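My notes follow the structure below.

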Amino acid sequence: MPQSQLPDLNTLWLKWMDNCNNCLLKQDYLGAIASVFHINAVFGSDNRIEFNTAKYNELIKEQMKILCSHCKKETNCDGIKFYDLLLSDIASMLTNEKYIKVWKCPNCNTTNSHKDTEFIKETFARPRYLGVLPDPPEQSFGITGRRGFERKARSWIRLALDEISYSLGVERREYIPLLERNEVMDDVDNN
Ligand SMILES: [Zn+2]
């Protein structure tokens, strides 16, 4: 995007931000949601937010990690296969089990017993800017439907505006070096 477009973009952003705020004051949530889409459309493709509930849920879901008792390396549980290992007669007699559930550490190849494995839960917490947001809530009818929609719309808009202000900051920062670069080039040309 050429730098001359920045003032126009600022005007557009302000216009739709204003519109969004006015809609919120009037409790026009559909209008506010529409404004969010308008604000987002002003961004360059790199900073434009993607609306995709499945992708968003995938990004924020808790991740389980598994700790190898031998090399102490944490591995994502998603890539680990558990399988049953047939025990020797003696081990079987001692544990009163025929099999034990095990997994193999991809880092050091050690076989770990599932029973003695430590699992680590990792949760992604906001604020963390992902460039992805869930789709907006859909309007529902009836009194309870409407209240549910309003509540969901308010929290969606809050989340969206948070993500948008982050993208705005990035988009503006990307312009500054470009402006400075052009000024330097002008100086070189003038000398
Ligand atoms: Zn290991």
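The model is a predicted one.

Entry 1, the open sheet. I looked up the strand order and found E4-E5-E6, an open sheet of three strands with antiparallel pairing. I then asked which strands stand at the edges. They are E4 (82–86) and E6 (111–113); each has a single partner strand, so one side of each has no neighbour in the sheet. From one strand to the next, I noted a twist that averages 50 degrees.

Entry 2, E5 and E6. I checked the bridges between E5 (residues 99–104) and E6 and noted three, with the strands running antiparallel. Within this pair, I looked up Trp103 and found Asn112 in E6 as its bridge partner.

I turned to E2 (residues 63–67) and asked how many bridges join it to E7 (residues 118–122). There are five, and the two strands run antiparallel. For Ile66 I recorded Phe119 as the bridge partner in E7. I also looked at E2 with E3 (residues 74–76): three bridges, again in the antiparallel sense. Here Lys65 has Asn76 in E3 as its bridge partner.

I followed the chain between E2 and E3 and noted that the hairpin has six residues between its strands. Which residue there takes a positive phi? I found Lys72, with a value near 65 degrees.

Definitions and conventions:
Residues numbered from 1 in each chain as written. Predicted model: local features only at pLDDT ≥ 70, side-chain atom pairs only at ≥ 80, totals over all residues. Pairing = 2+ DSSP bridges. Helix = DSSP H or I, 4+ residues; strand = E, 2+ residues; numbered from the N terminus. Axes fitted to C-alpha atoms, helices over the stretch in contact; angles between N-to-C directions.
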